[in-house]
Amino acid sequence: ENCIEEVVDIISPEAFYKDSHATIYAAILRLYKRSDPINIMTVTLELKRNNTLESVGGACEITQLTNRIASSSGVEFNSRIIQLGLF
C-alpha cells in the first residue's frame, strides 16, 4: 500500500524537524510526482542521484527508518502531528 497519497497534501519537507528526514521526504515526493515506485531501493537511488544519500546517513539509515515503522495505519493522523510540529 502506497501511503504517500494520504499525506502529500498535508505535509511538506519543511515540516520535518530533522533536515535528513526532510531530504528523504523530498526524494519520496519526487518519486511520487514521477509515478515511480516508492520503496527502500528507489528512495535510496533517488537520494544517490541527487548526491544527498550520504548526508542523510546512507543506505543503512534508510533501512533503519523503515524498520522502525510498525505499520501504515494512522499515517494521516501521524502526518498531521508532523505538520503541526508536535513531533
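Is Pro 13 buried or exposed? Hold that thought for a moment, everyone, while I go over the ground rules.

What you see is a predicted model, where local features need pLDDT of at least 70, side-chain atom pairs count only at pLDDT 80 or more, and totals for chains, interfaces and linings use all residues. Residues are numbered from 1 along each chain as its sequence is written, and side-chain values use heavy atoms, with hydrogens and water left out.

Pro 13 has 16% relative accessibility, so the residue counts as buried. For the cut-offs, buried means under 20% relative accessible area, exposed means over 50%, and partly exposed is in between, with a 1.4 Å probe and protein chains only. Pro 13 is found in the loop between α1 and α2. Helices here are DSSP runs (H or I, at least four residues), numbered from the N terminus. Leaving out residues up to four places away in sequence, Pro 13 touches Ala 22, Tyr 25, Ala 26 and Leu 29, where contact means heavy atoms within 4.5 Å. Take Leu 29 from that list: 16 residues separate Leu 29 and Pro 13 along the chain, and their C-alpha atoms are 8.8 Å apart.

Now to the core. In soluble globular proteins, nonpolar side chains tend to be buried together. By a nonpolar core I mean a set of buried Ala, Val, Leu, Ile, Met, Phe, Trp, Tyr and Cys residues joined through side-chain atoms within 4.5 Å. The largest one in this model has 16 residues, and those with the most contacts inside it are Ile 4, Ile 24, Tyr 25, Val 43, Leu 47, Val 56 and Ile 62. Two or more residues each come from α1 (4–7), α2 (19–33), α3 (40–49) and α4 (58–67). Which helix gives the most to this core? That would be α2, with six residues. As for Ile 4, if we set aside neighbours within four places in sequence, its contacts are Tyr 25, Ile 28, Leu 29, Tyr 32 and Ile 38.

Tyr 25 has come up a few times, so let me stay there. Tyr 25 is buried, at a relative accessible area of 6%. The structure holds one aromatic pair, and Phe 16 and Tyr 25 are its partners, tilted, at 5.2 Å centre to centre with 45° between the planes.

Next, α4. Which residues of α4 are buried? They are Gly 58, Glu 61, Ile 62 and Leu 65. These residues cover an arc of only 110° around the axis, which puts them on the same side of α4; the arc is that of the directions from the helix axis to the C-beta atoms. Cys 60 and Asn 67 are exposed on the other side of α4. The cover over the buried residues of α4 includes α2 and α3.

On to the charges. Side chains of opposite charge can pair when their charged atoms come close. I call something a salt bridge when a side-chain nitrogen of Lys or Arg is within 4 Å of a carboxyl oxygen of Asp or Glu. How many salt bridges does the structure hold? There are four. Arg 30, Arg 34, Asp 36, Glu 46 and Arg 49 are linked in a network of them.

Let's walk through part of that network. Asp 36 pairs with Arg 34, with the closest N and O atoms 2.9 Å apart. Asp 36 is partly exposed at 30%, and Arg 34 is partly exposed at 39%. Arg 34 also bridges to Glu 46, at 2.7 Å between the closest N and O atoms. That pair links distant parts of the chain, with Arg 34 in the loop between α2 and α3 and Glu 46 in helix α3, twelve residues apart. Glu 46 is buried, at 1% relative accessibility. Glu 46 meets Arg 49 in a salt bridge too, at 2.4 Å, N to O. Those two are three residues apart in helix α3, so about one helical turn separates them. Arg 49 counts as exposed, at 53%.

Last stop: the loop between α3 and α4, which holds Thr 52 and Glu 54. Thr 52 is buried at 19%, whereas Glu 54 is exposed at 66%. Not counting residues up to four places away in sequence, Thr 52 touches Thr 23 and Leu 47. The C-alpha atoms of Glu 54 and Ser 20 are separated by 9.7 Å, with the residues 34 apart along the chain.

Definitions and conventions. Rings of Phe, Tyr and Trp (its six-membered ring) pair if their centres lie within 6.5 Å; planes under 30 degrees apart count as stacked, over 60 as edge-to-face and the rest as tilted.
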